[in-house]
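Please open the model in your viewer and keep the sequence beside it, so that each selection can be found in both.

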Amino acid sequence: MDTTWNNKVLSDVLGANEGNALRLKQAALVVAGVLLLAIAAKIKVPMWPVPITMGTFAVLTIGAAYGARLGLVTIIGYMLVGALGFDVFAGSSAEAAGLTYMMGGTGGYLVGYVLATLALGALAQRGWDRSVLWMALAMLIGTVLIYVPGLLWLGQLFGWDKPILAWGLTPFLVGDALKLALAALVLPAAWKLVGRARG
């Protein structure tokens, strides 16, 4: 595995790489990423002990596929759309949306989304997205970066005497482990497909 910061991420090797065509590609990727994040947040897969939402899967995958800079623009765009009141988050609705929703119990996890996107983008730029094992480790780091501010915010909001881990961590571990494994397989597989297409 290359440990430099100069590796290309998937979005770099698909389509234009200079001039106005590059800017158009980046704008299209940001729009597509925001739409994917919004759709994934609403997907619920039946699972024990709680249904799996695909929002974190989309966050981690976009971070790795887009790189740190484009990933950050995309996740910030997603947050801005949500702040404007659009129903783009897993638990948002017509009754609870916008900044009111974002400052509620999920606020810390949304901060974690930004941190995880940056981390996955940076690690992908070091080549971690080419190997299943390194990608799994990157996904684990990203998942931790989502949970830490999420749990800290829950504790601050509701009090540390409440069952914070039972509310915001333990019910989701099984589903997150499955999403982590899936995401760790997707990126290296995509690189293999790109290599074959260019071979």
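Is Tyr78 buried or exposed? Select Tyr78: at 2% relative accessibility it counts as buried, where buried means under 20% relative accessible area, exposed over 50% and partly exposed in between, with a 1.4 Å probe and protein chains only. This is a predicted model, in which local features need pLDDT of at least 70, side-chain atom pairs count only at pLDDT 80 or more, and totals for chains, interfaces and linings use all residues. Residues are numbered from 1 along each chain as its sequence is written, and side-chain values use heavy atoms, with hydrogens and water left out.

Rings of Phe, Tyr and Trp (its six-membered ring) pair if their centres lie within 6.5 Å, and planes under 30 degrees apart count as stacked, over 60 as edge-to-face and the rest as tilted. By this rule the count comes to five aromatic pairs. In one of them, the ring centres of Tyr78 and Phe89 are 5.2 Å apart and the planes stand at 80°, so the pair is edge-to-face.

Phe158 is partly exposed, with a relative accessible area of 40%, and Trp167 counts as partly exposed at 41%.

Finally, select Arg130 and Trp191: the charged end of Arg130 sits over the ring of Trp191, 3.6 Å from its centre (the rule asks for NZ of Lys or CZ of Arg within 6 Å of the ring centre and within 35 degrees of the ring normal).
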